[in-house]
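Subject: Structure handover

Hello,

Here is the structure for you to look through. Please open it first, then read the notes below.

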Amino acid sequence: MSILHCRPSGTLRRLQLGCFIYFLTTINALASEVRPQYCGSGTVSTIAFVGDLIFHSDLQRIAMAQGATYGQFWSAANSIFRSVDAVYGNLEGTISSNVTYLGERVADPGRNFGSKVYSAPSELLNFNYHPSLARDLKRSGFRVVSTGNNHALDRGTSGIDQTVDRLESAGVVAVGTRHSQRRRHDWGRLTQVGDLNIGWVSCTFGTNGYPDPLDQVLDCYTEKPQTLAAISGLAARRDVDAVFFVPHWGIENQLVIARRQSSLAREAISAGAAIV
């Protein structure tokens with residue numbers, strides 16, 4: 001987990017204005033450890049970043065038991081989450097109540113882990129979660145989640161629509177995917193964290209082969225112009241203090257960073273991203 005504290009001092013653009021950034025992990029020269037830095041005065045705004053929120057079969061079974069919650073899995077971190085202004089995470093999977101892993105529309109099965117809505121053959125690595133997850137995220141302080149990742153289309157276009165709707169209804173911003181009825185909207189999202197207005201842009205390296213007929217998922221590479229335009233568009237706004245670029249990328253099970261990844265990171269910074 002990483003934690004970012006910002007002390008506003010005028011207009012925050014490239015985090016040159018008094019931010020304390022502490023990363024627990026590093027990735028080559030692009031993300032070498034940043035030492036605490038302070039400047040100016042004012043209220044401190046704090047964001048905690050966590051990694052992937054993904055619930056494989058055993059975790060899904062536990063969370064869907066009567067009286068259980070998804071929140072129990074991160075309860076040990078709740079004291080940290082309560083101490084910050086906002087929590088960010090990457091939600092791998094969808095939140096749909098009536099679409100099976102085969103793409104069939106069915107009746108809502110309720111909290112039935114054995115249904116094809118909430119389970120799938122293990123070799124598929126296909127994930128969909130109960131609607132209560134949105135509420136559990138909000139209760140724990142999650143304000144923003146990236147839904148732009150390789151599991152975004154695990155329940156098709158309807159899965160994306162339901163995920164966005166349920167998160168928004170719970171008061172959690174989804175970034176990286178967009179509702180099929182709101183495709184004219186920009187890819188960027190804006191949240192107020194303490195005294196700061198933070199812009200968010202997320203994208204993914206792919207969708208596990210699932211088609212995206214309605215262009216609901218932002219692809220980091222095939223849609224790089226749109227990705228960079230979303231960053232620069234937010235960075236140009238006078239009401240945005242900083243833009244956070246939170247892509248879903250990399251080579252699984254490898255320690256080597258892909259050249260196109262570091263290249264896009266540099267282009268994102270040039271476009272106005274304050275943090276990658």
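**The cavity**

Gly93, Thr94, Thr147, Ala152, Ile160, Thr163 and Thr177 line the largest cavity. A cavity here is a set of points, on a 1 Å grid over the protein atoms alone, where a 1.4 Å probe fits but cannot get out; lining residues have an atom within 4 Å of a point. The space in the largest cavity is about 40 Å³. Volume means the space filled by probe spheres set on the points, which are joined across faces, edges and corners. The structure holds 1 cavity of 30 Å³ or more.

**What kind of model this is**

This is a predicted model: local features need pLDDT of at least 70, side-chain atom pairs count only at pLDDT 80 or more, and totals for chains, interfaces and linings use all residues. Residues are numbered from 1 along each chain as its sequence is written, and side-chain values use heavy atoms, with hydrogens and water left out.

The protein chain has a mean pLDDT of 87 (the predictor's confidence in each residue, from 0 to 100). In this chain, 84% of the residues reach 70 or more. Residues 7-39 are another matter: there the pLDDT is below 50. In the model, this stretch has 75 contacts beyond near neighbours in sequence. Contact means heavy atoms within 4.5 Å. Where pLDDT is low, the predicted coordinates should not be read in detail.

**The overall fold**

The protein chain has 6 helices and 11 strands. These are DSSP runs, numbered from the N terminus: helices are H or I with at least four residues, strands are E with at least two. Of the 276 residues, 50% count as buried. Buried means under 20% relative accessible area, exposed means over 50%, and partly exposed is in between (1.4 Å probe, protein chains only). Take the contacts between residues at least 6 apart in sequence: 69% of them join residues at least 24 apart.

**Two cores**

A nonpolar core is a set of buried Ala, Val, Leu, Ile, Met, Phe, Trp, Tyr and Cys residues joined through side-chain atoms within 4.5 Å. The largest one has 27 residues. Which of them touch the most other members? They are Tyr70, Trp74, Leu91, Leu133, Leu137, Phe142 and Leu167. Look at Leu137. Not counting residues up to four places away in sequence, Leu137 touches Leu53, Trp74, Phe142, Val145 and Leu167. Another core, of 18 residues, lies apart from the largest one. Its members include Val201, Ile231, Leu234 and Ala273.

**The disulfide and its loop**

The count comes to 1 disulfide, by the rule of a pair of cysteine sulfur atoms within 2.5 Å. A disulfide is a covalent bond between the sulfur atoms of two cysteines. Here the pair is Cys203 and Cys220, with sulfur atoms 2.1 Å apart. Cys203 and Cys220 both lie in the loop between strand 10 (196-201) and helix 5 (224-235), 17 residues apart. Their link is right-handed, with 95 degrees about the S-S bond. Are these cysteines buried or exposed? Cys203 counts as buried because its relative accessibility is 0%. Cys220 counts as buried at 0% too.

Leu218 is in the loop between strand 10 and helix 5. Leu218 is buried, with a relative accessible area of 0%. Leaving aside neighbours within four places in sequence, its contacts include Trp187, Val201 and Cys203. Leu218 and Phe205 are 13 residues apart in sequence and 8.9 Å apart in space, C-alpha to C-alpha.

**Two positive phi values**

Most residues other than glycine have a negative phi. Asp215 has a positive one, near 50 degrees. Asp215 lies in the loop between strand 10 and helix 5. Its relative accessibility is 26%, so Asp215 counts as partly exposed. Asn253 also has a positive phi, near 65 degrees. Asn253 lies in the loop between strand 11 (242-245) and helix 6 (259-271). Asn253 is exposed, with a relative accessible area of 75%.

Best wishes

Definitions and conventions. 1 Å grid on protein atoms, 1.4 Å probe; cavity = no way out; pocket = protein on both sides within 12 Å on 5 of 7 lines; lining within 4 Å.
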